[in-house]
Amino acid sequence: MSSHELGLIAKSPSLDQLVQDDRVDVSLYHDPQLYEQELEKIFYRTWVWVGHESEVRNPGDFRTTTIGRRPVIVVRDKKGAINVLENRCRHRGATVCEKHKGNATGFTCPYHSWSYALDGKLRALPYPDGYEDILDKSELPLNSLRVDSYAGMIFASFNDEVEPLTDFLGGAKHWMDLFMKQGAGYPIKTQGEHKFTFNGNWKIQLENTTDGYHFPIVHKSFMSSVDEETSEMLSFMTDPQAVTHALGNGHSVMVMVPEHVDLEFDDGSEQLQERFAHVTEELSKTMEPAQVRRIVRSLHGAGFNLNLFPNVAMSMSFFRVLNPLSVKQTEIRHVALGMDGGPEIANRERLRIHEHFQGPFGFGSPDDAEAWERVQRGAEAGPQVPILVNRGLNREVLADNGDKVSHATDETGMREAYAMWKRMMSND
Amino acid sequence: MTEHNTLAALNAPLAKAIEFIWHEAALLDNKDYAAWAQLWSEDGVYVIPIDPDTRDFASSLNYVYDDARMRALRIERLSAGHSPSAVDAARTLRTVSRFNLLESSGDVVEVTSAQLLFAYKRGVHTPMAAELTHRIRFGQGGPRLEQKVVRLINSTDSLSALGFLL
Ligand code: FES
Ligand SMILES: [Fe+2]
C-alpha cells in the first residue's frame, strides 16, 4: 500500500468535504463518531426547544424530556419562573423524576431521599451527621440550564456562554409570531402528543419538515382521503407563491398555503371549508362572523412549516419535535395545539385533524417514517455516493431582507440547516 | 381432559363474543380489511386512545378515533396500494385471551380481553400488548361491533409506525 493510500485511510474527511453547498456525505447519517460530536457541539451547546409554556402553566407543573442523552426536567417554580434542571441527583446520580409530566412540590431522589426544591436547591437529606463539616447543601443543587423563551416556546442550553436566544432565533421570530396567530386571539395551548420512533438519523427528519417535494408522493394516500378543498389547499407543487426562505442560523420556513401565512388578514374572498360546516354553524350562534372566520380559517394552522434548528418545527397546526436516540434511531413527537380558553368544538376539530395525519396510526406519519427508514438503509450503500440537496439552486434568489428564497419544493431549507451544522461542528 | 370444548362450558353470550373476537383477530392478521369492515355497525366506533384512563375520547388526542367515515377512509388507505407503509406493512400474529364478560344486556355483550401481538418487519419483531374492550350487538343480521377500544400498555410512550391495525 502506498503512503498516499495510507494517508487517505488515516485522515477522516474534513467538514468541508462532508458538507458542500449542493451535497452532503452519507456518513452524516451513520457515523457514530460524528453523532457523538453532534451531541457535544450542537445539542449540548446551542438552544434546544424543551417545551411550551402551556405545559407548565402553574407553579409545580413539570415535564421531563431529554436533550441528546441528558435527562432534564422543565418546571415552573413557586415564583413563577421556568427552570430547566438536570434530572440527576447530586449524590450518586439517580434520576429524581421519572414521570412524563405532572405537578410536584419538589423532587425527592428515590435512592437516599435527598430532596430538591422546584428551583433545584437541595433542601434536605436524611441522617445528616455523616456529612457534618464536609458538605454544604447550597453547593449541591440540581444543575440548571440556561432558559429563555419566545412566543411561549421554551428553549434551554447547557452552554453558559450561549448567544442570547433572541439573536439565535433572529429572522425566525417574525414567523413564530405569525404561527401563533392560529390561536385566533386566544393563547396557544398544547393538546396532547403523538410519539413514535423511526430507525434513522435525526437529520433525515430535520430535512423532511422543509421537504415540500415529497408531499404529493409519499402522502398520496393521505391526499386521497381528504376532501377536495383540503387537497386543493395543499396543492402547492406548482404554485409560484409557495416559497421557502432560509432564515439564517439553520432556520428556514416553507410556505405551503400563502393565503394562510398571516391568519389575521382576511379579505373575505375565501370560502370556509364545507368539512367544517358544523363548526361554523355552532360558533355562529354566539360569535361575530369575523371571529368565526378567524377560527375556522385557522383550523388547519398557519400556512407554513417553520423549521428551527436543531430540534423543533412549528409545522402548520402542530409542533414537530425530534430527539436523537442514537446515530440510527430518532424519536419524533407531534404536539397537537389548540386555543386556550377557545371554543371546545373547534379544539376538538383540531384534535381530529391531528389524528388524521399524525402518529403511528395516522394517514401521514407512517408513510414518512417508511421513507426515512429507506433513506437510512439506502445510505449504507457506499461512501462515494452523496446525498443531493441541490434542488432549486437554479432558481434561488436573494430577497430584499437578505433571505435566500426558492420554491417550497426546493432544498434551500436543507442547505441552510447543513450550513449551520457545519458551522457548529467546526467550533472547538 | 374431557371431550368437551371448553367454550361450550362458558355462558352463551361470552362464548359467542369470544368466537367473534377470534374471527376478527384472524381477519386483521390476514389484513382482510374488506371483511373486517363488514363486522362493524354503522355507528360503531374504533378507538386506540393515548390517555390510559380516559373514557372521553372525543375531547382527547387518540391514535385512532374512527367513526364509519374515517374507518372507510382508513381501509381504503390500507388497501389502495398508494401508502408506502401499508404496502410494506409488518406481518402480524396476535392471540387474544383472558376474556372477561363486563356486561350482557339484551343482545349487547361487552367483553374485555388481553391481546398479545407480534409484528415482524425487516428482521425486527415488535411486540405490542393491549387490553381490548369489544361491545358487540348480536342482532338479526349477525354480530356487529358497536365499539372497540384498544388500550396499549405503552400508549404514552413512543411506538413504531408499522402499517397494520390493532
Ligand atoms: S443517589 Fe440520590 S440520594 Fe443517593
Ligand atoms: Fe411528510
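# Loops, strands and an interface

User: Between which helices of chain B does B:Lys31 lie?

Analyst: B:Lys31 sits in the loop that joins helix H2 (12–29) to helix H3 (33–37) of chain B. Helices (H or I, at least four residues) and strands (E, at least two) are DSSP runs, numbered from the N terminus.

User: What kind of model is this, and how are its parts labelled?

Analyst: This is a predicted model, in which local features need pLDDT of at least 70, side-chain atom pairs count only at pLDDT 80 or more, and totals for chains, interfaces and linings use all residues. Residues are numbered from 1 along each chain as its sequence is written, chains are lettered from A and ligands numbered from 1 in the order in which they are written, and side-chain values use heavy atoms, with hydrogens and water left out.

User: What makes the phi of B:Lys31 worth a remark?

Analyst: Most residues other than glycine have a negative phi. B:Lys31 is not a glycine, yet its phi is positive, about 55°.

User: Which peptide bond is cis, and where does its proline lie?

Analyst: The bond from A:Phe309 to A:Pro310 is cis, with omega near 0°. A:Pro310 is in the loop between strand E16 (304–308) and strand E17 (312–315) of chain A. Most peptide bonds are trans.

User: Why are strands E3 and E4 of chain B called a pair?

Analyst: Two strands pair if DSSP finds at least two bridges between them. Strand E3 (residues 91–105) and strand E4 (residues 108–121) of chain B have 12 bridges, so they pair, in the antiparallel sense. B:Arg91 has B:Tyr120 in E4(B) as its bridge partner. The hairpin has two residues between the strands, and B:Gly106 takes a positive phi near 60° there.

User: What makes E8 and E10 of chain A edge strands?

Analyst: The open sheet runs E8-E9-E10 in chain A, with antiparallel pairing. Strand E8 (107–108) and strand E10 (122–124) each have a single partner strand, so one side of each has no neighbour in the sheet. Strand E9 (residues 115–116) and E10(A) are joined by two bridges. In that pairing, A:Ser115 is the bridge partner of A:Ala124 in E10(A).

User: How do you know that chain A and chain B touch?

Analyst: Contact means heavy atoms within 4.5 Å. The contact takes 32 residues from chain A and 32 residues from chain B. The chains bury about 2800 Å² between them, 57% of it on carbon and sulfur atoms. That buried area is the accessible area (1.4 Å probe) that two parts lose on being put together, summed over both. A:Phe361, A:Phe363 and A:Glu370 supply 26% of the area that chain A buries against chain B, more than any other three residues.

User: Why is the link between B:Arg122 and A:Glu370 called a salt bridge?

Analyst: The rule asks for a side-chain nitrogen of Lys or Arg within 4 Å of a carboxyl oxygen of Asp or Glu. The closest N and O atoms of B:Arg122 and A:Glu370 are 2.5 Å apart, so the pair meets the rule.

User: Which strand of chain B is joined by bridges to E13(A)?

Analyst: Strand E7 (residues 159–160) of chain B is joined to E13(A) by two bridges, and the strands run parallel. A:Phe196 stands opposite B:Leu159 in E7(B).
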